Amino acid sequence: MATCPPYPTYPTGPAGGALRHAHWWQKRWVRYGALSTLLALSGLVILALVREQTGTEGFLVGLGLAVLPVPLLVASFRWLDRVEPGPWRNLLFSFAWGACAAALIAIIANSFATRWIAIATADPSHADALGATVIAPIVEETAKAVAVLLVFLFRRQDFTGIVDGVVIAGVTATGFAFTENILYLGTAFGTDQLSGDRGIASVTAATFFVRVIMSPFAHPLFTVLTGIGFGIAALSGPRQHVRRVLLPLCGLLLAMGMHAMWNGSSAFGEYGFFAVYAAFMVPAFGLLTWLVIWTRQRELRTVREELPAYVVAGWLTPGEPFVLGSMRARRVARQYARDRGGRAAARAVAQYEAYATSLAFLRHRGRRGRAGADFVVREGELLHELWVRREFARPALEHAGAAQAWATYGYGAPVPVYWQAQPQPHQQQYGPTTAPYPVYNPYRT
């Protein structure tokens, strides 16, 4: 019989008493309100600054052109996060931070530093070059990294690995590039208005081609290196403090270095931009894309390897690890639920898949000694979420498992089963082999 409490216990103080009251600044609505206010004020200030530099017409043109790559980039990062999708509020915060707070910090700090260098050296052209290749990468990548750091610290349960770091960093950089593109494209349009240039020969067309067509992934590519550093740090043990600090810093330094190389490509001659683009940017983009997709496949393998422990305990049916470890089978399950139960059923199945994946990752960290002190409480919460959605999820997953087996092995093939006759020693050590909610366990006697 399980001895775990059916619901999470309340945190206790030093003397064992319950923490009934928190200080006003520790309340969630206060922190969310302060953060929302900060982002809103930053957005208003950056809007005024960009409009002042581009004019109203230039701002509107820049906004219309700069928004074009945003849906594609956000959808790409969301696709990478499909194995264990994080909440949309994290992505909204990341995009808003990049577009508002990070962009405002970059504009103010870059302008101040460039002006100071110009006054100190009495060489404005040298100050502009130094500001673009040294100051801007340091300031901009640090400003964007703050969003990744905040999610890493305050939304820790949503930040469990490399893919999460890549997604948060990429969406933050997408927001930053969005605001920066409005500024560059709006300024280019103003230049064309003064010179009378139109069409392909215009500065606006050239800026659009370079920033939106050729390199929409430039800023995300830089900041993703920081995200990878945080992602690897998230996989580290709780006592590996040095590693958890150094890895994000190394990622940030790499991001700054690649950003500096990209900004300084014009100093390499007439074709320096294209040389850096072909020799460094495209291979780096391909390598990072491969790394993220490989990590995603490894996450699916983790799901298939860890969930059988809950089959033994009676929480999952024997075929569920097979289905939950395949993106194609997951999609089939959601579609089956939608066809028979509508959007609510499909949403319940999608949530079931996400909670099951989080459960697999939690157990994987536990087996490696990297789970926190709240392992049992968190495990119980996830198991409870699975159980309340089983009515919609199990028929859909069973259908998806049969469909996947037929497609792979032929009609009439049995659904592959990941089943262990006896729990392994690590299962007894890191988690209950019977359900924390005894009434729910179908194998309880």
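Before the details, a word on conventions: residues are numbered from 1 along each chain as its sequence is written, and side-chain values use heavy atoms, with hydrogens and water left out. Since we are looking at a prediction, local features need pLDDT of at least 70 and side-chain atom pairs count only at pLDDT 80 or more, while totals for chains, interfaces and linings use all residues.

Let me start with the salt bridges, by which I mean a side-chain nitrogen of Lys or Arg within 4 Å of a carboxyl oxygen of Asp or Glu; by this rule there are nine. In one of them Arg 211 pairs with Glu 180, with 2.5 Å between the closest N and O atoms. This pair links distant parts of the chain, Arg 211 being in helix 6 (residues 203-214) and Glu 180 in helix 5 (residues 162-195), 31 residues apart; helices here are DSSP runs of H or I, at least four residues, numbered from the N terminus. Both partners are buried, and for that word the cut-off is under 20% relative accessible area, with exposed meaning over 50% and partly exposed in between, for a 1.4 Å probe and protein chains only.

Contrast that with Glu 381 and Arg 378, which meet in a salt bridge at 3.5 Å, N to O, and which both lie in helix 13 (residues 375-388), three residues apart, about one turn of the helix. Glu 381 counts as partly exposed, at 29% relative accessibility.

Now to the interior, where a nonpolar core is a set of buried Ala, Val, Leu, Ile, Met, Phe, Trp, Tyr and Cys residues joined through side-chain atoms within 4.5 Å. The largest has 64 residues, and among those touching the most other members are Phe 77, Trp 97 and Val 166. Its largest share, 13 residues, comes from helix 3 (residues 88-121). A second, separate core holds 34 residues, including Tyr 352 and Phe 375.

Note on methods. Helices (H or I, at least four residues) and strands (E, at least two) are DSSP runs, numbered from the N terminus.
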